[in-house]
Amino acid sequence: MILTGIADEAGASIDVQIKATLELGWRHIEARNVEVPGFPAANIHDLPEAAFEVVAEKLAASGVGVYCFGSTIGNWAKKIDQPFDLSLAETRRAIPRMQRLGTRFIRIMSYAIRPEADQMEAERFRRMRELTKMFLDAGVQPVHENCMNYGGMGWPFMLKLLEEVPGLKVVFDTGNPVFNDDRSKPQPHPKQDAWEFYSHVKAHIAHVHVKDAAWNAAKNDAEYTWPGDGQGAVRRILADLLAHGYAAGISIEPHLAVVFHDAAVKSSAQAQYETYVEYGRRLMQLLDAIRIGPAR
């Protein structure tokens with residue numbers, strides 16, 4: 001099992017991300033946004049070449065590897081009726097960088113959910129097949145996240161996507177079902193059930209994001225928690241993974257001090273760093289407790 005984290009939640013600087021990883025005793029990061037001196041923070045596949053070279057050199061010197069690219073390809077900010085060229089360009093930039101860093105996995109998505117009834121499934125599947133083939137041909141495994149996108153609308157949508165896109169696998173995020181509507185059920189759509197979603201897709205899981213939250217109906221929003229304290233069935237899912245010999249990546253995405261896609265949620269740099277490290281420690285404690293089992 002590889003323990004890692006979406007390291008920009010510790011801080012934007014690659015130095016901070018490396019420091020937090022080593023403090024936890026880990027040897028890998030999941031790279032999403034990265035910042036080096038003289039350049040603004042950007043997704044790992046969007047950094048200028050000179051900035052990427054600095055990142056690669058610092059990682060090599062530290063002995064920290066990149067287990068997964070947390071790309072923005074087809075994510076919740078990208079619409080299926082917009083030109084495909086952007087996704088193709090992101091993919092072409094990502095592949096050589098992944099090969100340079102020895103990174104095996106890349107997180108992708110299946111474009112934002114449309115407000116219309118027509119989700120343009122055929123076009124989504126066509127694009128996802130092309131992107132998946134590009135990655136697989138380059139020796140890279142694309143993994144699709146159950147986020148705010150077509151495949152995240154409910155487990156039946158994820159399974160249909162996987163059926164239509166050979167070679168695509170899943171990165172399952174434990175916290176995302178807590179705040180996503182289950183569009184496989186009649187309106188008004190209830191929120192998804194994390195264990196139900198996981199149970200239906202677990203045969204396809206190649207990577208896991210640990211995030212936890214509780215839905216606050218009064219606020220109409222999720223409140224993020226430490227791992228195992230929310231409604232993401234984190235302990236149950238981790239126990240099931242361990243019981244079935246899961247030996248791939250588990251990546252923390254705390255969201256406690258900073259929410260990546262919500263600019264209104266901010267925290268001091270030190271608090272952000274400390275929260276990330278504490279989250280990692282609590283994950284390790286939770287895994288240890290699962291392995292030991294209940295007291296007898």
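The buried residues of helix α2 pack against α1 (14-23), β2 (28-31), β3 (33-34), β5 (65-70) and α3 (85-101). Helices (H or I, at least four residues) and strands (E, at least two) are DSSP runs, numbered from the N terminus. The model is a predicted one: local features need pLDDT of at least 70 and side-chain atom pairs count only at pLDDT 80 or more, while totals for chains, interfaces and linings use all residues. Residues are numbered from 1 along each chain as its sequence is written, and side-chain values use heavy atoms, with hydrogens and water left out.

As for α2 itself, its 14 residues (49-62) reach 20 Å from the first C-alpha to the last, close to the 20 Å expected at 1.5 Å a residue (1.5 Å times one less than the number of residues). Ala51, Phe52, Val55, Ala56, Leu59 and Ser62 are its buried residues (under 20% relative accessible area, with exposed over 50% and partly exposed in between; 1.4 Å probe, protein chains only). Down the helix axis they fall within an arc of 140°, so they line one face of α2; the arc is that of the directions from the axis to the C-beta atoms. Over on the other side, Glu57, Ala60 and Ala61 are exposed. Gly63 comes after the helix, with a positive phi near 80°.

Leu59 turns up again in the largest nonpolar core, which has 78 residues: Leu59, Ile106 and Leu238 have the most contacts inside it. Such a core is a set of buried Ala, Val, Leu, Ile, Met, Phe, Trp, Tyr and Cys residues joined through side-chain atoms within 4.5 Å. Helix α9 (269-292) gives the most to this core, with eight residues.

Terms used: Contact = heavy atoms within 4.5 Å.
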